[in-house]
Amino acid sequence: MLKDKLKSVATGAGLGVFAAMAAGAALAQEVVGQPVDKAIGMQPSADGVGGLRTEAIFFHNAILMPIITFITLFVLGLLIWIILRYNRKTNPTPAQFSHNTALEIAWTTGPVLILMFVAIFSFRLLFHYHTMPKPDLTLKATGNQWYWSYEYPKTLGGMAYDSNPLSEPDAKAAGLPFKLAVNHPLVVPAGKTIQVLVNGADVLHSFFIPAFGVQATAVPGRTNTVWFRAEKPGTYFGQCNELCGVQHYFMPIMVVVKSPADFDAWVASQAKKPAPAVAAAPATSVSAPAGAASVAAPAAATPAATQG
Ligand SMILES: [Cu+2]
C-alpha cells in the first residue's frame, strides 16, 4: 500500500516535470532533474535498473520508509495504549514489579535485528558507490568561491571552462529555471560511466546532483571521486550544498546529457571554434590552479621556515 502511495507520489512528481517541460517548450533538451513545485519524495532517477540512484531510491522507499513508518506507528500505539489504560483514573493501583526478562530480551534483540536487516541494503549501496566500473570519461570539477570550473581530458581537446549562473532574463529566455541554469553546463554522453574528480580551490564546496545520486565534498588539496551513468539525455540540475560563503548561490550545477553522437558533435564544435566565452575560460581556469598553488604555498613554506 505504502509502495503504491510512493509510486503515486513519484508519478505525481513525474507529471509535474512533464508539465514544467510543456511550459518550457522552447527547450532543446528535456529538463528532467530539477525540483518541482509541491512535489514530495525524491527526484526521479537518471539511471536505470542497477544504477546508483535507482538503488538509493529503492533503499529509501522500499526499505527505510516502511520500517520507519511501522516503528513510528508502533511506538505511537504503545503510547496511546499506556496513556489510556494506565492513567491514574483507570488504573488506581499500579503493579509494583520492575523487571521482565523476556520483554528486555525482546526489546534488545528486536532493534538489533532491524538494524542488521537495514545494514544489508545500506552496505550493498555503499559498496556500489565505491566500486566504480571502468570509466568511459573522466572529468574534473573544481569548486571555487563562487563558481564551478570543469575540465575535460586532453584526448577530448582538454576543454576547460567556468560555469556561472544565468541572470533571470537570460534564464527565462532560454526556458531554464533561474538560479539553476548556468552559462556553461557540464556536458556528458548518455549511457556511459562518467567519473568526476571533485576538488576545491579555496574552501569546502560540494558537488551534488540529486538525479544521479551523486554528492561529494570538494576539499582543497584532496581529490574525491564520484561516478554516475545517466541513461536518458536531458538537462539535470544540482547545487553546491556545502555552505561556502556569501555567494554560495552562485554555484548551481547544470549537466546536459547528450546522446553519444550529439556529445561527439559537441566536442568537435568546442575544438573547432573557440567561442568567445569558452576561449576566455582557459585564462580564468588557469587562474584557478594558480590560486590553488598559492593556497598550497604557505603550507610548503612552513617546513622551510621551521628548518631555518
Ligand atoms: Cu560552494
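**Figure 1. Burial and overall make-up of the chain.** Of the 308 residues in the chain, 25% are buried. The model shown here and in the views below is predicted. Its secondary structure consists of six helices and 11 strands.

**Figure 2. The five-stranded open sheet.** Strands β4, β3, β2, β6 and β9 form an open sheet with mixed pairing, in the order β4-β3-β2-β6-β9. The edges are taken by β4 (160-163) and β9 (224-228). Each of these two strands has a single partner, so one side of each has no neighbour in the sheet. On average, and with direction ignored, neighbouring strands of the sheet are turned by 25 degrees against each other.

**Figure 3. Strand β6 and its two partners.** Strand β6 covers residues 194-200 and runs antiparallel to β9, joined to it by five bridges.

**Figure 4. The hairpin of β2 and β3.** Five bridges pair β2 with β3 in the antiparallel sense. K140 is the bridge partner of E151 in β3. The two strands form a hairpin, with two residues between them. The loop between β2 and β3 contains W146. The peptide bond leading from Q145 to W146 is cis, and its omega is near 0 degrees.

Figure 5. W148 belongs to strand β3, which spans residues 147-151. Is W148 buried or exposed? W148 has 27 other C-beta atoms within 10 Å, and a residue counts as buried at 20 or more, so W148 is buried. Leaving out residues up to four places away in sequence, W148 touches A141, T142, G143, S163, M251 and I253. H205 is 57 residues away from W148 along the chain, yet their C-alpha atoms are separated by 9.5 Å.

**Figure 6. Strand β7 and its pairings.** Strand β7 consists of residues 205-209, and four of the five are buried, so the strand is largely enclosed by the rest of the structure. With strand β8 (residues 214-218), β7 pairs in the antiparallel sense over five bridges. H205 is placed opposite A218 in β8. These two strands form a hairpin with four residues between them, and G213 in the turn has a positive phi of about 65 degrees. The pairing of β7 with strand β10 (residues 234-240) is also antiparallel and has two bridges. In this pairing F207 is opposite C240 in β10.

**Figure 7. Packing of helices α2 and α3.** Two packed helices are described by the angle between their axes and by the distance between the axes. For helix α2 (residues 52-85) and helix α3 (residues 101-130), the angle is about 170 degrees and the axes are 10 Å apart. This makes the two helices roughly antiparallel, α2 to α3. On the α2 side, the contact is made by L52, E55, A56, F59, I63 and I67. On the α3 side, the residues are I114, V118, F121, L125, H128 and Y129. The contact residues comprise 10 nonpolar, one polar and one charged.

**Figure 8. Surroundings of V187.** V187 is part of strand β5, residues 186-189. V187 has 19 C-beta neighbours inside 10 Å and counts as partly exposed. Which residues does V187 touch, not counting residues up to four places away in sequence? They are V256, K258, F263 and W266. The C-alpha atoms of V187 and Y152 are separated by 9.8 Å, although the two residues are 35 residues apart along the chain.

**Figure 9. Two lysines with positive phi.** K38 is not a glycine, but its phi is positive, about 65 degrees. K38 sits in the loop between β1 (31-33) and α2. It has 7 C-beta neighbours inside 10 Å and counts as exposed. K179, in the loop between α4 (168-174) and β5, has a positive phi near 80 degrees and is likewise a residue other than glycine. K179 is partly exposed, with 14 other C-beta atoms within 10 Å.

Conventions
Residues are numbered from 1 along each chain as its sequence is written. This is a predicted model: local features need pLDDT of at least 70, side-chain atom pairs count only at pLDDT 80 or more; totals for chains, interfaces and linings use all residues. Two strands pair if DSSP finds at least two bridges between them. Axes are lines fitted to C-alpha atoms, for helices over the stretch in contact, and angles run from 0 to 180 degrees between N-to-C directions. Angles under 35 degrees count as roughly parallel, over 145 as roughly antiparallel, 65 to 115 as roughly perpendicular and the rest as oblique. Two residues are in contact if their C-beta atoms, placed from the backbone, lie within 7 Å. Ala, Val, Leu, Ile, Met, Phe, Trp, Tyr, Cys and Pro count as nonpolar, Asp, Glu, Lys and Arg as charged, and the others, Gly among them, as polar. A residue is buried if 20 or more other C-beta atoms lie within 10 Å of its own, exposed if 12 or fewer, and partly exposed in between; C-beta atoms are placed from the backbone.
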